[in-house]
Amino acid sequence: AYSVVITELGGEPDYDKLIQGWGKDLYTVLKKNSVSEDHVFWLAAKKEPGVYAESREEQVRKLFDTLAARIEPADAFHLFLVGHGSFDDYDYRFNLPGPDLTAAQINELLGRIRAERQMVVNMTSSSGASLAPLRRKGRVVMTATSAGRERNFSQFARYFIEALQDPAADADKNREVTALEAFRFASREVARFYQSA
């Protein structure tokens with residue numbers, strides 16, 4: 001499987017630190033579980049060890065060009081989006097340094113990846129608005145919100161990443177946390193977070 005993690009600017013120092021930290025944790029977990037180190041890529045607003053490139057639109061496109069040439073139909077492809085999203089009642093946008101990416105543009109990039117099994121985990125605010133444009137046969141799409149109008153900063157990434165590291169998230173106790181188990185764990189924990197906050 002190939003995995004791409006894209007994290008962006010938080011807009012405020014506290015969010016910057018959170019988002020960059022979640023990106024690093026997710027990248028580390030995926031690398032640990034990956035068949036090969038060169039199958040996991042992290043694009044981030046700030047360069048640090050492990051960051052493949054800056055999370056600007058042109059760098060995202062360049063990476064997808066590279067992967068489109070490498071990935072075979074039998075491979076699996078996973079895309080993780082962490083940070084802020086927005087929705088103006090027409091388009092979902094993943095907020096990047098520089099021009100943002102719309103759901104339609106993300107869908108077009110994914111369409112160039114020949115992997116027949118794809119998964120998108122959109123952990124941003126307003127991510128529910130990306131569900132319909134990203135849906136297609138052979139692609140699982142998970143979002144942190146159910147609607148585009150849910151604009152609050154999303155805590156979903158924190159708990160999704162925690163699930164990948166926490167044996168308690170392994171509901172069927174087969175020593176492997178599936179994406180569905182991670183999604184269910186994160187959904188529960190986000191609900192708990194808001195109840196206690």
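Which exposed residues does the face of α2 turned away from its buried side carry? I began my notes with this question, working throughout on a predicted model.

**Entry on helix α2**

I looked up the exposed residues first, and found that Lys 62 and Ala 69 sit on the face of α2 turned away from its buried side. The helix itself runs over residues 57-70, which makes 14 residues, and I noted that the 20 Å from its first C-alpha to its last is close to the 20 Å expected at 1.5 Å a residue. I then listed the buried residues of α2, which are Glu 57, Val 60, Leu 63, Phe 64, Leu 67 and Ala 68. Seen down the helix axis, these buried residues fall within an arc of 140°, so they line one face of α2. As for what they pack against, I wrote down the strands β1 (2-7), β2, β4 (76-82) and β7 (101-102), together with helix α3 (103-111).

**Entry on His 39**

I placed His 39 in the loop between α1 (13-33) and β2 (40-44). Leaving out residues up to four places away in sequence, I found His 39 touching Ala 1, Tyr 2, Ser 3, Ser 34 and Arg 70. With Ala 1 there is also a polar approach, in which the backbone oxygen of Ala 1 lies 3.3 Å from a polar atom of the His 39 side chain.

**Entry on Leu 134**

I found Leu 134 in helix α4, which covers residues 131-134, and I recorded this leucine as buried, with a relative accessible area of 1%. Beyond its neighbours within four places in sequence, Leu 134 is in contact with Ala 103, Ile 106, Asn 107, Leu 110, Val 120, Arg 139 and Val 141. I also checked Val 121, which is 13 residues from Leu 134 along the chain, and the C-alpha atoms of the two are separated by 11 Å.

**Entry on the whole chain**

Turning to the protein chain, I counted six helices and nine strands in its secondary structure. The radius of gyration is 16 Å, which agrees with the value near 16 Å that a compact globule of 197 residues would have, and the C-alpha atoms fill a box of roughly 45 × 40 × 35 Å along the principal axes. Buried residues make up 48% of the 197 residues. Of the contacts between residues at least 6 apart in sequence, 63% join residues at least 24 apart. Finally, I noted that the chain exposes about 9,800 Å², of which carbon and sulfur atoms supply 50%.

Definitions and conventions. Residues are numbered from 1 along each chain as its sequence is written. This is a predicted model: local features need pLDDT of at least 70, side-chain atom pairs count only at pLDDT 80 or more; totals for chains, interfaces and linings use all residues. Side-chain values use heavy atoms; hydrogens and water are left out. Helices (H or I, at least four residues) and strands (E, at least two) are DSSP runs, numbered from the N terminus. A polar contact is a pair of N or O atoms within 3.5 Å; within protein, one must be able to donate a hydrogen and the other to accept it, and residues adjacent in sequence count only if both atoms are side-chain atoms. Contact means heavy atoms within 4.5 Å. The expected span of a helix is 1.5 Å times one less than its number of residues. Buried means under 20% relative accessible area, exposed over 50%, partly exposed in between (1.4 Å probe, protein chains only). The arc is that of the directions from the helix axis to the C-beta atoms. The radius of gyration is taken over C-alpha atoms; the globule rule is 2.2 Å times the number of residues to the power 0.38. Accessible areas come from the Shrake-Rupley method with a 1.4 Å probe; for residues, only the protein chains shown count as cover.
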